[in-house]
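Please look over the model shown here.

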Amino acid sequence: MNFQRPIVAKFSKQNLQHNALLVKNKFAKNSKFFAVIKANAYGHGQLFAVEALKNIADGFALLECENAVLLRENNLINANQKIILLEGIFSAKQAKQVLDCNIISAVHCVEQFQWLLEQFQKNQKNSQVLEIAIKLNTGMNRLGFTQQNFANALNLLANPDFAVALKNQKIKITLMTHFATADENLPNKGIHKAITNFQNLEKIFQQKFPNLAYQKCLANSAAICDFPSVHYDWVRPGIMLYGSSPFGLQNNKTAADLDLKPVMTLQSKIIAIQHLKAGDCVGYGETFIAKKDMKIGVVACGYADGYLRSTPSGTPLMVNNQKTKSVGRISMDMLCCDLTDISGEVGIGTPVTLWGDGIAGSLPIDEVAEFGGTISYELMCSLANRVKREIID
C-alpha cells in the first residue's frame, strides 16, 4: 500500500526537447543557443535538463561556478558544448577553475577582468584559452559596463601582454547584454533603446580593438520570439525551454500560440470533501463565504509545496480533467477547490492538476501565475524539495 502524500511534480523530457528544437530549428535557426539552466533549471532539476538537452543545446548557461565545474569534470555534457557563467566569477580563486575547465565567464566589473587576466598570464604556458563575455549595461542597470566606465575597463584588456593572445584567439570575446523590456508590448518599450545603447558601447570596443573578431549574445526568450534581428551569434532561451511563454497570456503569444509544451506538471489529489451551506466560510481568515450550497474539495497542496499563499480564490485548477477554481486562502499544506459543478464520480483520491498537462487537457502555468499576480518563473522556482519528482518519459 502506498502511504506517500499524493502531491507530485512530473517532468517531461520529450516536451523539454520539443521546446529546445523549436529554438534550434525555428525561432533562432541561424544562431547557436545556450540553454539557460540557472535556478536549478527553473525548478526542473539541472541534471535533468542537461541530460535532456546534451545532444541539442550548443551550450548551457548558469550561475554557480561549482555546478559548471561539476558538469565539465564529470563529462555530463559533450566536450564541444560551451558553459557560460551569467554573473561571472565571484573570487580570484574561481578564475583558475574557469580556465582549467574551459568555462566562459561573464565580466561585468573591473575586478572580474583583473582576476581572469592575471590568472591567464600565469597559465599562458599551458596554452589555455580564456573566453569572456563582456556584459554591457544597456538599460537594465543591474550588471554591466556603461559608457562612463567601459573604455577604462578595456584598458586592462589592451595591455600589450595580451596582444598576441587576442590576435591568436587565445582570448576570445563575446559582447553580451540583457534586455529589460523585450517582453513588454507597450509604447516606448521593447528593445530599441537598449539596442542603441548596445551599439554605442560596441563602437567603444571596436575603436579600442579595430581588427578583433568577437561574437555577440543578446537575445533572451522574448527577443528570440519577437526580434530576430538581434539573434546574432548566440541566443539564451530560458523560460520558453520549460514550456511557458515569456509574454504570459498576451494575445497570439501564449505558450500554445508559440507551440511550447509544458515540461513541469504539478498534480495532487482530493483528500477530503466538505458540503457547505450558503453563508459558510472556507479557510483561514474566512476570506471565502459561500453564496449558495457548495461541494468543496480539499487538495494536498499548500504554500509549503511552493503553491503561493498569495494566490486568490478563483485561481483555475483541474479536477477530473475539468476546469474549476480554488476557494479560500491557501494553507501551508492544503488548498480548497469548488467541486459543485464537476461531473462524474469525485471523491477521496480524485486527481487534481494544479498546472501543466492533465490526462485530457492542459492548464497553462501562465494562467495560474496571472491569477496569483506573478509570473510562471516564480511558480516553477518555488517548487519545494518535499514535493516528489518524477520523470515521465
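How do the residues of the lining of the largest pocket divide into nonpolar, polar and charged? The lining has 22 nonpolar, 13 polar and eight charged residues. The model is predicted.

## The largest pocket

The largest pocket holds about 960 Å³ of space. Its lining comprises 43 residues. Nearest the centre of the pocket lie Lys38, Tyr42, His178, Asn220 and Tyr377.

Four helices are listed as contributors to this lining: H2 (38-42), H10 (221-226), H11 (365-371) and H12 (376-381). Each of them supplies at least two lining residues.

## H1 against H3

Helix H1 spans residues 13-27, and helix H3 spans residues 46-53. The two pack at about 60 degrees. Their axes are 9 Å apart. The angle makes H1 oblique to H3. The crossing is right-handed.

On the H1 side, the contact uses Lys13, Leu16, Gln17 and Ala20. H3 answers with Phe48, Ala49, Glu51, Ala52 and Leu53. By class, this contact of H1 with H3 has six nonpolar residues, one polar and two charged.

## H4 against H5

Which way do H4 and H5 run relative to each other, roughly parallel or roughly antiparallel? Helix H4 (residues 65-73) packs on helix H5 (residues 92-100) at an angle of about 25 degrees. Angles under 35 degrees count as roughly parallel, so H4 and H5 are roughly parallel to each other. A distance of 10 Å separates their axes. H4 passes H5 in a left-handed crossing.

From H4, Cys65, Glu66 and Val69 take part in the contact. They meet Gln94, Gln97 and Val98 of H5. The contact of H4 with H5 has three nonpolar residues, two polar and one charged.

## H7 against H9

Helix H7 covers residues 150-157, and helix H9 covers residues 192-208. Their axes come within 10 Å. They cross at roughly 35 degrees. The crossing of H7 and H9 is right-handed.

H7 brings Phe150, Ala151, Leu154 and Asn155 to the contact. H9 brings Leu201, Ile204, Phe205 and Lys208. Sorted by class, the contact of H7 with H9 has six nonpolar residues, one polar and one charged.

## Crossing hands

The hand of crossing can be set out pair by pair. H1 and H3 cross in a right-handed sense. H7 and H9 also make a right-handed crossing. H4 passes H5 in a left-handed one.

Key:
Residues numbered from 1 in each chain as written. Predicted model: local features only at pLDDT ≥ 70, side-chain atom pairs only at ≥ 80, totals over all residues. Heavy atoms only, no water. Axes fitted to C-alpha atoms, helices over the stretch in contact; angles between N-to-C directions. Parallel < 35°, antiparallel > 145°, perpendicular 65-115°, else oblique. Left-handed = near helix turned anticlockwise from the far one by under 90°. Contact = heavy atoms within 4.5 Å. Nonpolar A, V, L, I, M, F, W, Y, C, P; charged D, E, K, R; others polar. 1 Å grid on protein atoms, 1.4 Å probe; cavity = no way out; pocket = protein on both sides within 12 Å on 5 of 7 lines; lining within 4 Å. Points joined across faces, edges and corners; volume = space filled by probe spheres on them.
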